[in-house]
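Open the model in your viewer and keep the selection tool at hand. The stops below say what to select next and what to look for there.

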Amino acid sequence: RKEVEQDPGPFNVPEGATVAFNCTYSNSASQSFFWYRQDCRKEPKLLMSVYSSGNEDGRFTAQLNRASQYISLLIRDSKLSDSATYLCVVRVSSNTGKLIFGQGTTLQVKP
Amino acid sequence: EAQVTQNPRYLITVTGKKLTVTCSQNMNHEYMSWYRQDPGLGLRQIYYSMNVEVTDKGDVPEGYKVSRKEKRNFPLILESPSPNQTSLYFCASSFGGATNEKLFFGSGTQLSVL
């Protein structure tokens, strides 16, 4: 089983749709969680950190479920510019710099 | 401008010819790391460094070396490249220490080993 798993998609949705991605992680000791966005073969950029209480940034909402060991990303009112690959990232321990990336979920928003 | 600079952007080489990909950051970050990205596999961590003279293996360190003699630089060295090291490579840095620090990535190096 992969340490961090994502459904690769692609998710094809119309503009204005709400779409949700999940990411599961296998190590229950994992400390920190992030969503990054990557446009085609460009460098990933931080979209949001994910906190236990959940957090929202405009149209984006991230949630963490430690009991079931998954994090989620919800995008409301999808825009064409949201088309990208979304990477789930997990840091197992604050004492090490080891980061584990999911393989990414591809979103295509169509007019 | 705060940035992570990788060079070269593209590199084609032949099996066995030693090469170095440079990575430099101007943000005084403690933490730096290298990743490779392959289709269907996502980004995999090669090596990371928590500070000067401190380096550790990531998930796929075989065939790679790194050094961290100065805070700003973290070169990736392939002593004897092989075709299975053909990949897109990214360097990244962050302040480190805190659990929710943001990673800043370089623009990537597309390496082809023939």
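A cavity, as the word is used here, is a set of grid points where a 1.4 Å probe fits but cannot get out. The model on screen is a predicted one. By this rule the count comes to 1 cavity of 30 Å³ or more.

**Stop 1: the cavity**

**Stop 2: the largest pocket**

Next, select A:Gln38, A:Thr85, A:Gln103, B:Gln37 and B:Pro39. Of the 17 residues that line the largest pocket, these are the closest to its centre. The pocket has a volume of about 320 Å³. To see which elements give two or more residues to the lining, show β9 (84-91) of chain A and β4 (31-38) of chain B. By class, the lining of the largest pocket has 6 nonpolar, 8 polar and 3 charged residues.

**Stop 3: the second largest pocket**

Move on to A:Lys2, A:Val4, A:Ile100, A:Phe101 and B:Leu41, which lie nearest the centre of the second largest pocket among the 16 residues that line it. About 250 Å³ of space lies there. The elements to show for this pocket are β1 (4-6) and β10 (99-101) of chain A, along with β5 (42-51) of chain B, each giving two or more residues to the lining. Its lining residues are 6 nonpolar, 5 polar and 5 charged.

**Stop 4: where the chains meet**

Colour the two chains separately and look at the contact between them. How many residues does the contact take from each chain? It takes 25 from chain B and 25 from chain A. The size of an interface is often given as the accessible area lost when the parts come together. For chain B and chain A, the buried area is about 2,100 Å², with 51% of it on carbon and sulfur atoms.

Which side chains meet in a salt bridge here? Select B:Asp59 and A:Lys98: their side chains form a salt bridge, at 3.0 Å from N to O. The rule finds 1 salt bridge across the interface of chain B and chain A. It also finds 5 residue pairs in polar contact across this interface, with both residues at pLDDT 80 or more.

Now hide chain A and turn to the side of chain B that touches it. Here β4, β5 and β9 (87-94) of chain B each supply at least two residues. The element that gives the most to this side is β5(B), with 5 residues. By class, the residues on this side of chain B are 11 nonpolar, 10 polar and 4 charged.

**Stop 5: a salt bridge inside chain A**

Bring chain A back. Side chains of opposite charge can pair when their charged atoms come close. The structure holds 9 salt bridges over all chains. One of them joins A:Glu56 and A:Arg76, whose closest N and O atoms are 3.5 Å apart. The pair links distant parts of the chain, 20 residues apart: A:Glu56 is in strand β6 (residues 55-57) of chain A, and A:Arg76 is in the loop between β8 (70-75) and β9 of chain A.

**Stop 6: backbone details**

Select A:Gly9 and A:Pro10, which are joined by a cis peptide bond with omega of about 10°. A:Pro10 sits in the loop between β1 and β2 (11-14) of chain A. In chain B, select B:Asn7 and B:Pro8; a cis peptide bond joins these two, and omega is about 0°. B:Pro8 is in the loop between β1 (4-7) and β2 (10-13) of chain B.

Return to chain A for A:Arg41, which has a positive phi of about 60° although it is not a glycine. A:Arg41 is placed in the loop between β4 and β5 (45-50) of chain A.

**Stop 7: a serine in chain B**

Last, select B:Ser67, in the loop between β7 (65-66) and β8 (76-78) of chain B. Leaving aside neighbours within four places in sequence, B:Ser67 is in contact with B:Asn73, B:Phe74 and B:Pro75.

Key:
Residues numbered from 1 in each chain as written. Chains lettered and ligands numbered in written order. Predicted model: local features only at pLDDT ≥ 70, side-chain atom pairs only at ≥ 80, totals over all residues. Heavy atoms only, no water. 1 Å grid on protein atoms, 1.4 Å probe; cavity = no way out; pocket = protein on both sides within 12 Å on 5 of 7 lines; lining within 4 Å. Points joined across faces, edges and corners; volume = space filled by probe spheres on them. Helix = DSSP H or I, 4+ residues; strand = E, 2+ residues; numbered from the N terminus. Nonpolar A, V, L, I, M, F, W, Y, C, P; charged D, E, K, R; others polar. Contact = heavy atoms within 4.5 Å. Buried area = accessible area lost by both parts, 1.4 Å probe. Salt bridge = Lys/Arg side-chain N within 4 Å of Asp/Glu carboxyl O. Polar contact = N/O pair within 3.5 Å; in protein donor to acceptor, adjacent residues only side chain to side chain.
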